[in-house]
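This report covers a surface patch and a set of salt bridges. The sequence and the structure come before the details.

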Amino acid sequence: MTEVEDSDASFFSTVSTNATVPDPCLRVRKYWCFLLSSICTFLVGLLSVLIWRAFAFLCCRKEAEYGPNDPKQKEQKLARQGKQEFEGTFMTEAKDWAGELISGQTTTGRILVVLVFILSIASLIIYFIDASNDKVERCQEWSSNITQQIDLAFNIFFMVYFFIRFIAASDKLWFMLEMYSFVDYFTIPPSFVSIYLDRTWIGLRFLRALRLMTVPDILQYLNILKTSSSIRLAQLVSIFISVWLTAAGIIHLLENSGDPLEFSNSHKMPYWNCVYFLIVTMSTVGYGDEHCDTLLGRTFLVFFLLVGLVSFLIFY
């Protein structure tokens, strides 16, 4: 009888121990790999644009003019003519083609803009599914992670769309600093990193919610919004919802990760609890059933409320 009791006790002790011990794979956090991939992508792209500008500046400096009897004058004219033909045909046609695709002025362009919006919402829904629990980092083989596979397919499409927008941009440097470009920097590269590491990080995928700001433009393309008042109302609603969902994603990431560098004070808070918490806080109701425990979460919340209030008073 004693042996049976001892075996049962050891069994339940083992079960309880296994339940409390975290996944050995997560003992070493690798969130920085995902974050570093996004930062490096941005810096490499920005550096490439700056190098290209410097190269174009050096090559386009005023050349020395040769006299009418100088034999080098003919070579200079031929070189200029070839350069003008190249810039006037290939570069201009590529830029015009890309501009038509993203402008929404043609049928193909409107279809592309609507498709980008639909896939952005689908990618955001996948984020909602992954963020429904309180785990921000998981060790799971990419081959068995269905949501990550679907999200990768979406991100490949977004990457192609990014290059189309880049070609169409008149000012490449300003394009690299646009809001939607930063959305791509921090959502596309981590999808490829997850394949290599066989783990997922919830990361900054909530930034896809900022695409909701394009809803008024799409409704105008479809001739649903026609008056200035309805367009203005749609803009206000889309901005509020997109900022609300994005801020909830930041709270979710900060609270469930904990304060660096130890990450020992993580506060388990599912995404939809963060959405509820923000709307209760912004409406000044403040039930107190949800709250921020981490220093980063509290700091972000204070600045978010102050900046949001000031912005609303200034612009609206």
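Is L43 buried, partly exposed or exposed? L43 is partly exposed, with a relative accessible area of 46%; buried means under 20%, exposed over 50% and partly exposed in between (1.4 Å probe, protein chains only).

## Basis of the model

This is a predicted model, in which local features need pLDDT of at least 70 and side-chain atom pairs count only at pLDDT 80 or more, while totals for chains, interfaces and linings use all residues. Residues are numbered from 1 along each chain as its sequence is written, and side-chain values use heavy atoms, without hydrogens and water.

## Nonpolar patch

L43 lies in helix α2 (residues 31–59); helices are DSSP runs of H or I with at least four residues, and strands are E runs of at least two, numbered from the N terminus. Together with W32, L36 and I39, L43 makes a nonpolar surface patch of about 380 Å². Patch residues have over 30% relative accessible area and no salt bridge, with like charges joined within 9 Å and nonpolar side chains (Val, Leu, Ile, Met, Phe, Trp, Tyr) within 5 Å. Accessible areas come from the Shrake-Rupley method with a 1.4 Å probe.

## Salt bridges

The count is 7 salt bridges, each a side-chain nitrogen of Lys or Arg within 4 Å of a carboxyl oxygen of Asp or Glu. D184 forms one with R165 (3.0 Å, N to O). This pair links helix α7 (residues 179–185) to helix α5 (residues 146–168), 19 residues apart.

D184 also forms a salt bridge with R208, at 3.3 Å between the closest N and O atoms. R208 sits in the loop between β2 (199–201) and α9 (215–221), 24 residues from D184. D184 is buried at 4% relative accessible area, and R208 is buried at 1%.
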